[in-house]
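Thanks for opening this one with me. Could you take a look at the model before reading my notes?

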Amino acid sequence: MTPETENLIAEGMTNMPAEIREMADLGALFVVNHSAGKDSQSMMIYLKEIGISPEQMLVIHADLGEVEWAGNLDHIRNTVGNVEIITAEAKTSFFEMVERRQMFPSPSQRQCTSDLKRGPIEREIRRYLKAHPEFRGLVVNCMGMRAQESASRAKKSAMQFSNRNSKAGRHWFDWLPIHHLTTAEVFRMIEDAGQQPHYAYQMGMTRLSCCFCIMASVNDLTVAAKANPELYARYVATEKRLGHTLSMSRKPLEEITGIKAAA
């Protein structure tokens, strides 16, 4: 482990919020929201290094089906070690949601996050706690958002008590353990752990969420289009049929990427 990463770990152990330290000491369940992306992967490494016991950890992946990168779950299995993994599936698919609304999600109405990720994940956490009374309803829900990613994420509190989820005997904190890390520190932590990031980064992606994200850059949309031509064609056809674009730039995918979708 490099001195830089060792310093990050030491700082993390020193600066762990008192509430989170208390939850760890009380034997709370630490849930790792894992997309298979670099931030989730480094968060998993970070949590173990700052002293969270693997016996107290649960990895949960929101399975997005055809719209996520192939092999996501395999990558998670290959990097989390001996920690239980469960998946959370929404009752509707991404394209079903789009067809029902007759439009793609937007930054102000991100049903893709609330309906396909956060809602199903919270549902599965509640189920898991009910089935595992040894955790006494104590849970720390860990997510990999970082301040460097965007102005809105920089404003997020790194830890907060969840009044909405602290019901029926549950005591629930939401925590962003790597909120303070830079992209370079994230990749270095993965390398120092002897791991490789998801293959999509080697292809040129800078973020790993859905293959085609409403927030994605021109670069990421172009890389994804080349790597997933059939899925790309479905997005393009949906844009044309609905008269509504995926990208918040309001430019159609074919114009953004310069790639003509197969008919």
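Predicted model: local features only at pLDDT ≥ 70, side-chain atom pairs only at ≥ 80, totals over all residues.

1. Residues are numbered from 1 along each chain as its sequence is written, and side-chain values use heavy atoms, leaving out hydrogens and water.

2. Start with D174, in strand β6 (residues 171–175); strands are DSSP runs of E, at least two residues, and helices runs of H or I, at least four, numbered from the N terminus. D174 is buried but has no salt bridge, and R164, the nearest side chain of opposite charge, is 5.6 Å away. Buried means under 20% relative accessible area, exposed over 50%, partly exposed in between (1.4 Å probe, protein chains only). A salt bridge puts a side-chain nitrogen of Lys or Arg within 4 Å of a carboxyl oxygen of Asp or Glu; Lys and Arg count as positive, Asp and Glu as negative, with His and the chain ends not counted.

3. Where does R164 find a salt bridge? Its partner is E122, with the closest N and O atoms 2.8 Å apart. R164 lies in the loop between β5 (159–161) and β6 and E122 in helix α6 (residues 111–131), so the pair ties together parts 42 residues apart in sequence. E122 is buried, at 6% relative accessible area.

4. The structure holds 11 salt bridges. Another of them joins E254 and K260 (4.0 Å, N to O): E254 counts as buried at 16% relative accessibility, whereas K260 is exposed at 68%.
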